[in-house]
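Hi,

Here is the structure I promised to pass along.

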Amino acid sequence: MNPTNPTNPHEVFSCKLCGHCCHGESTVSLSQAEQKAIASFLDLDLADFLREFCVKKGNRIEMKIVDGHCIFYGDDGFCRVHEVKPFQCRRWPLHPSILGDQKAWGAIKADCPGFDEEACYEDVCELVRRVNNGY
């Protein structure tokens with residue numbers, strides 16, 4: 001593999017389904033389409049979904065945090081809304097903030113065991129570019 005042009009994204013990153021990304025004191029904003037999709041998936045009307053599972057922060061609607069993790073983090077360690085999880089969750093940890101900020105990459109890599117130990121910053125930047133361009 002050419003380290004600056006990985007041909008297989010799984011050579012650089014492979015999700016370990018560890019749930020690290022579901023833990024913390026912040027969560028992701030939900031678009032209106034994501035709110036509706038998750039509400040429908042849970043067989044709830046939108047108002048009930050928003051009241052039970054979300055918080056409003058300024059102009060944003062975010063998923064609640066419960067006991068230090070996303071409200072949808074299941075007791076089994078898996079996402080309870082995986083089939084309709086928000087875009088930000090689907091692309092994490094391959095977030096554009098990595099591009100141009102090697103410290104962001106270092107922080108994300110330190111928290112996520114899915115990155116190959118040999119992966120370098122340039123490998124991950126190339127993968128982030130491809131993921132965000134729909135490779």
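Leu 17 is exposed, with a relative accessible area of 54% (exposed means over 50%, buried under 20% and partly exposed in between, using a 1.4 Å probe and protein chains only). Before going on, please note that this is a predicted model, in which local features need pLDDT of at least 70 and side-chain atom pairs count only at pLDDT 80 or more, while totals for chains, interfaces and linings use all residues. Residues are numbered from 1 along each chain as its sequence is written, and side-chain values use heavy atoms, with hydrogens and water left out.

Back to Leu 17: its phi is near 55°, a positive value in a residue other than glycine, and it is found in the segment before H1. Asp 43 also has a positive phi, of about 60°, without being a glycine. This residue lies in the loop between H1 and H2 and is exposed, with a relative accessible area of 71%. For background, most residues other than glycine have a negative phi, and most peptide bonds are trans. A cis peptide bond joins Trp 92 and Pro 93, with omega about 10°. Pro 93 sits in the loop between helix H3 (87-91) and H4.

**Overall layout**

The chain has five helices and four strands (helices are DSSP runs of H or I with at least four residues, strands are runs of E with at least two, and both are numbered from the N terminus). Along the sequence the pattern is α-α-β-β-β-β-α-α-α. The C-alpha trace spans about 50 × 30 × 25 Å along its principal axes. Of the 135 residues in the chain, 35% are buried. Among contacts (heavy atoms within 4.5 Å) between residues at least 6 apart in sequence, 56% join residues at least 24 apart.

How do H1 and H2 cross? The axes of helix H1 (residues 32-41) and helix H2 (residues 46-53) come within 9 Å and cross at roughly 95°. That makes H1 roughly perpendicular to H2 (the term covers 65 to 115 degrees; axes are lines fitted to C-alpha atoms over the stretch in contact, with angles from 0 to 180 degrees between N-to-C directions). On the H1 side, Gln 35, Lys 36, Ile 38 and Ala 39 meet Leu 46, Phe 49 and Leu 50 of H2.

Strands E1 (residues 54-57) and E2 (residues 60-63) run antiparallel and are joined by four bridges (pairing requires at least two DSSP bridges). Cys 54 has Met 63 in E2 as its bridge partner. Two residues separate the strands of this hairpin, and Gly 58 in the turn has a positive phi of about 65°.

**Nonpolar cores**

The largest nonpolar core has 14 residues, of which Phe 13, Leu 94, Ile 98, Trp 105, Phe 115 and Val 124 touch the most other members (a core is a set of buried Ala, Val, Leu, Ile, Met, Phe, Trp, Tyr and Cys residues joined through side-chain atoms within 4.5 Å). Helix H4 (102-111) and helix H5 (121-132) each supply at least two residues of this core, and H5 gives the most, with five. Leaving aside neighbours within four places in sequence, Phe 13 is in contact with Pro 93, Leu 94, Cys 112, Gly 114, Phe 115 and Leu 127. Apart from this core lies another, of 13 residues, including Ile 61, Met 63, Phe 72 and Val 81.

Best wishes

Technical notes: Parallel < 35°, antiparallel > 145°, perpendicular 65-115°, else oblique.
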